[in-house]
Amino acid sequence: MSTKDFIKKSVLNAFTQYDAPKLAVALLAALALGILIYLVYRKFYTGVVYSRSFAVTLVGMCVLTCMVTLAISTNVVISLGMVGALSIVRFRTAVKDPLDLLYLFWSITTGITAGAGMYALGLVTAVVMIGLFSHWQAKGRVYIAVIHYAGTEAGDNIVRALGRIKFVVKSKTMRGENTEMAVEVFCNDPNVEFADRVRAVEGVQDVTLIQYNGEYHG
């Protein structure tokens, strides 16, 4: 068989040997797992600004990766062409949070496993990842509390108001009788009641609470 006949036969087989039910099941599984990743990302997101477009990208990435896996597993010619086409793609969007890279890689690998028909592996991986994120979030959220107060006695009372909450003083700026103090606070309480206790301290002028992901540099 000549090279021309081989290529022609391969191309024809690519369009005639599809297993439609198998493809549909794989794509639906990839869509379901992608939606699960989207929900996990929305649930456990701890950054400052939530990006809905990135969350939707996780679903699309999972489905498209599944489609690519199905395509390259069908025919040698298509797989070579797909590799050549993807090799010229360049992604220049900066990913600032390392966890976003983890979600992207999770979405891509889930699409590959769905395309390969390994649905149980995808589900087990999802369970492991959800357990990992649940354990990580159970340690509490991190806040920066910027407190303005007057007098030295108020500073001691603020420490007492924080109670048993783990905290670290990041900076303290004193201007005469007035003091600005930035405190890193680790808190499990979603109502952040410690802020109300601090605000009730005599001498405290205002309290600004900022949630962050541990990338503060002071």
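**From surface to strands**

On the surface, a nonpolar patch is formed by Leu-28, Leu-31, Ile-35 and Leu-39, whose accessible area together is about 340 Å². One of these residues, Ile-35, belongs to helix H2. Ile-35 counts as partly exposed, because its relative accessibility of 39% falls between the 20% limit for buried residues and the 50% limit for exposed ones. The coordinates discussed here come from a predicted model. Helix H2, which spans residues 20-44, has the highest mean pLDDT among the elements of the protein, at 89.

The patch may now be placed in the context of the whole chain. The protein contains eight helices and four strands, and along the sequence these follow the pattern α-α-α-α-α-α-β-α-β-β-α-β. Of the 218 residues, 32% are buried. The accessible surface of the protein amounts to about 13,900 Å², and carbon and sulfur atoms account for 63% of that area. When contacts between residues at least 6 apart in sequence are considered, 72% of them join residues at least 24 apart.

The strands provide a view of the interior. Strand E1 comprises residues 141-150, and seven of its 10 residues are buried, so this strand is largely enclosed by the rest of the structure. Strand E1 is joined by 10 bridges to strand E3, residues 178-187, and the two run antiparallel. Within this pairing, Ala-145 stands opposite Val-183 of E3. In a regular strand, side chains alternate between the two faces of the sheet.

Strand E3 also contains Thr-179. Is Thr-179 buried or exposed? Thr-179 is buried, because its relative accessible area is 8%, under the 20% cut-off. Leaving aside neighbours within four places in sequence, Thr-179 is in contact with Ile-147, His-148 and Tyr-149, as well as with Lys-172, Thr-173 and Met-174.

The protein averages a pLDDT of 78, and 73% of the residues score at least 70. Over residues 214-218 the pLDDT is below 50, and beyond near neighbours in sequence this stretch has four contacts in the model. Among the elements, helix H1 (residues 3-16) has the lowest mean pLDDT, 55. Where pLDDT is low, the predicted coordinates should not be read in detail.

How values were computed: Residues numbered from 1 in each chain as written. Predicted model: local features only at pLDDT ≥ 70, side-chain atom pairs only at ≥ 80, totals over all residues. Heavy atoms only, no water. pLDDT = per-residue confidence, 0-100. Contact = heavy atoms within 4.5 Å. Buried < 20%, exposed > 50% of the residue type's maximum accessible area, 1.4 Å probe, protein only. Pairing = 2+ DSSP bridges. Areas by Shrake-Rupley, 256 points an atom, 1.4 Å probe, with all protein chains shown as cover. Patch = residues over 30% accessible without salt bridge, like charges linked within 9 Å, V, L, I, M, F, W, Y side chains within 5 Å. Salt bridge = Lys/Arg side-chain N within 4 Å of Asp/Glu carboxyl O.
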